[in-house]
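Q: Please take me through the terms used for this structure, and show how each one is reached.

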Amino acid sequence: MSLEPTGGPSGLATERTSETDGPVLMLVDDDAPLRRSLQRAMERRGFRVFQAESLKSGISLAHTIKPDYAVIDLRLEDGSGIELVKKLRELHPQVRVVILTGYGNIATAVAAVKAGAIDYLAKPVDADDVIDALLATGSGLPPPPANPMSADRVRWEHIQRVFEQCNRNVSETARRLNMHRRTLQRILNKRAPRE
Amino acid sequence: MASERGMAAAEAGATRVLVVDDDAPLRRSLVRTLEREGFQVATAGSLKEAYDVAAEVLPDCVVLDLNLEDGHGLELLQTLKELRPSCRVVVLTGYDSIASSVVALKSGVAHYLAKPVASEAVVAALRGELEESAGPIDQPMSADRVRWEYIQRIFEQSNRNVSETARRLGMHRRTLQRILAKRAPR
């Protein structure tokens with residue numbers, strides 16, 4: 001995938017995770033495995049990725065690099081990703097920000113876009129969806145993915161993610177997803193629906 | 001003119017609001033509240049009617065339903081902005097989804113409200129006084145909601161074309177149609 005040319009490198013090498021000349025992407029999420037996998041995927045596509053895991057470290061990172069793009073989790077341990085969107089847009093008016101979340105609702109989507117985010121993606125997302133969202137122009141959404149996951153698969157992935165977040169505790173997962181424990185158990189015992 | 005309340009005698013200085021919704025009882029209740037608040041109110045129950053009334057009234061602001069019998073509310077947006085560039089549009093929809101809210105806001109809508117909503121919130125949104133409350137975000141979406149939001153996003157990305165969305169998701173067209181006709185699972 002070709003990426004549009006962007007501004008020069010930030011010059012700061014301290015947190016550089018890649019040495020190419022691609023656009024600078026700031027990635028803020030407190031989910032370390034997701035951050036790592038997204039980082040790898042985005043670097044393969046030519047982005048130079050800088051990471052932070054909290055609102056506080058995100059804000060300090062925003063002062064030291066000049067990101068072209070940012071991917072920010074809505075719910076950071078020490079605050080709302082929307083605060084970071086505002087701060088980032090203040091410091092770097094050109095930055096294109098996408099919010100990522102497993103805790104989405106309409107009110108936060110509205111708040112995120114009003115704060116200057118260009119899109120709001122519910123997890124699970126794959127790197128192609130993120131890139132399409134970051135590069136989308138105009139007022140609409142990016143075109144639909146070429147090979148979208150099935151709706152049932154997305155539902156299943158979400159359940160699995162919450163299950164992992166609950167340290168594979170079935171009762172806790174059922175409570176957080178507001179499902180019957182037995183319904184959840186049945187789902188967890190089955191294999192994944194087709195992608 | 002089909003609107004229940006066409007333009008009353010022009011009250012100097014009153015803010016002109018157009019309420020576009022195909023739910024007549026809701027329309028009436030909004031009209032009552034808005035008039036009490038000093039707005040000059042016109043209404044339309046369909047997209048077609050909305051074009052006519054808007055051209056006549058040149059509204060300062062609009063309460064806009066999205067799923068109208070004869071089309072999608074956002075189709076009206078460009079006309080409204082041409083008639084009155086400063087026109088402030090507040091979406092009020094029973095078919096709220098994250099994808100549709102992102103599209104609406106990026107298209108220039110001032111606020112996006114999900115039904116049911118208190119009339120006071122509509123008034124505040126029209127006046128630009130509605131506090132941005134992101135609400136609690138400590139609960140993950142339900143599994144059904146995630147599935148539903150995903151379908152809505154592909155639907156919006158397919159320009160609200162049902163057949164194309166069904167094809168992309170590998171679903172039966174009629175199954176999808178049933179899902180789209182319903183409101184979001186909580």
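Q: How do you know that strand 1 of chain A and strand 2 of chain A are joined, and in which sense do they run, parallel or antiparallel?
A: In this predicted model, 5 bridges join strand 1 (residues 24-28) of chain A to strand 2 of chain A, and the two strands run parallel. Among the partners, A:Val24 is bridged to A:Arg48 in strand 2 of chain A.

Q: What makes strand 2 and strand 7 of chain A edge strands?
A: The open sheet has 5 strands in the order 2-1-3-6-7 in chain A, with parallel pairing. Strand 2 (48-52) and strand 7 of chain A each pair on one side only, and they are therefore the edge strands. From one strand to the next, the twist averages 20°.

Q: Which strands of chain A does helix 1 of chain A touch as it packs on the sheet?
A: Helix 1 of chain A touches strand 1, strand 2 and strand 3 (69-73) of chain A, and its direction makes about 165° with that of strand 2 of chain A.

Q: Why is A:Gln39 called buried?
A: A:Gln39, which is found in helix 1 (residues 32-44) of chain A, has 21 C-beta neighbours inside 10 Å. The cut-off for a buried residue is 20 or more, so A:Gln39 counts as buried.

Q: What makes up the side of chain A that touches chain B?
A: The contact takes 38 residues from chain A and 34 residues from chain B. Helix 4 of chain A gives the most to the chain A side, with 8 residues. The residues of that side divide into 22 nonpolar, 10 polar and 6 charged.

Technical notes
Residues numbered from 1 in each chain as written. Chains lettered and ligands numbered in written order. Predicted model: local features only at pLDDT ≥ 70, side-chain atom pairs only at ≥ 80, totals over all residues. Helix = DSSP H or I, 4+ residues; strand = E, 2+ residues; numbered from the N terminus. Buried ≥ 20, exposed ≤ 12 C-beta atoms within 10 Å, placed from the backbone. Contact = placed C-beta atoms within 7 Å. Nonpolar A, V, L, I, M, F, W, Y, C, P; charged D, E, K, R; others polar. Axes fitted to C-alpha atoms, helices over the stretch in contact; angles between N-to-C directions.
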